[in-house]
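Subject: Structure for you to look at

Hello,

Please find the structure below, with its sequence. My notes on what was found in it follow.

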Amino acid sequence: MVKLRLTRMGAKKQPFYRIVAIDSRKARDGEYIDQIGFYNPVSEPKQIVIDADKAKAWLAKGAQPTATVSGLLKQQGIIEKK
């Protein structure tokens, strides 16, 4: 099963995250299939950059976003809020 989730990058105490499509059995920072965007919670204002076409394509293929990624996708208007 493919999931859309965050993988941690950056230095100690300076995290930023890539939003990736990855096999659910792989490790958090393991080899991923495709990079969809990134999220930087440290910067002011917080940066969220997501390729909407890639995200919609992966969701159409049945990829399941984690709770955090789902929230980021809703903020960007890629998936609808309930």
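K54 forms a salt bridge with D34, and their closest N and O atoms are 3.4 Å apart. A salt bridge here is a side-chain nitrogen of Lys or Arg within 4 Å of a carboxyl oxygen of Asp or Glu. Because K54 lies in helix 1 and D34 in strand 3, the pair ties together parts that are 20 residues apart in sequence. Helices (H or I, at least four residues) and strands (E, at least two) are DSSP runs, numbered from the N terminus.

Before the rest, a word on the source. This is a predicted model, in which local features need pLDDT of at least 70 and side-chain atom pairs count only at pLDDT 80 or more, while totals for chains, interfaces and linings use all residues. Residues are numbered from 1 along each chain as its sequence is written, and side-chain values use heavy atoms, with hydrogens and water left out.

Salt bridges

A search of the whole structure finds three salt bridges. Side chains of opposite charge can pair when their charged atoms come close. Besides the pair above, D23 meets R25 at 2.8 Å, N to O, and D29 meets R28 at 2.9 Å, N to O. How open are these residues? Buried means under 20% relative accessible area, exposed over 50%, and partly exposed in between (1.4 Å probe, protein chains only). R25 is exposed, at 72%. D29 is partly exposed at 42%, R28 is partly exposed at 49%, and K54 is partly exposed at 34%.

Five strands form an open sheet in the order 4-3-2-1-5, with mixed pairing. Strand 4 and strand 5 stand at the edges with a single partner strand each, so one side of each has no neighbour in the sheet. Two strands pair if DSSP finds at least two bridges between them.

- Strand 1 and strand 2 run antiparallel and are joined by 10 bridges; A11 stands opposite Q14 in strand 2.
- These two strands form a hairpin with two residues between them, and K13 in the turn has a positive phi of about 65 degrees.
- Strand 1 and strand 5 run parallel, joined by two bridges; K3 stands opposite Q64 in strand 5.
- Strand 3 and strand 4 run antiparallel, joined by four bridges; N40 has Q47 in strand 4 as its bridge partner.

Helix 1 packs on the sheet and touches strand 1, strand 2, strand 3, strand 4 and strand 5; its direction makes about 120 degrees with that of strand 3. Helix 2 also packs on the sheet, touching strand 1, strand 2, strand 3, strand 4 and strand 5, and its direction makes about 90 degrees with that of strand 1. Axes are lines fitted to C-alpha atoms, for helices over the stretch in contact, and angles run from 0 to 180 degrees between N-to-C directions. Contact means heavy atoms within 4.5 Å.

Helix 2

Which residues of helix 2 (residues 67-75) are buried? They are V69, S70, L72 and L73. These residues cover an arc of only 160 degrees around the axis, which puts them on the same side of helix 2; the arc is that of the directions from the helix axis to the C-beta atoms. The face turned away from the buried side carries the exposed residues A67 and Q75.

S70 counts as buried because its relative accessibility is 14%. Leaving aside neighbours within four places in sequence, S70 is in contact with P65 and I79. Helix 2 is followed by G77, whose phi is positive, near 80 degrees.

Regards
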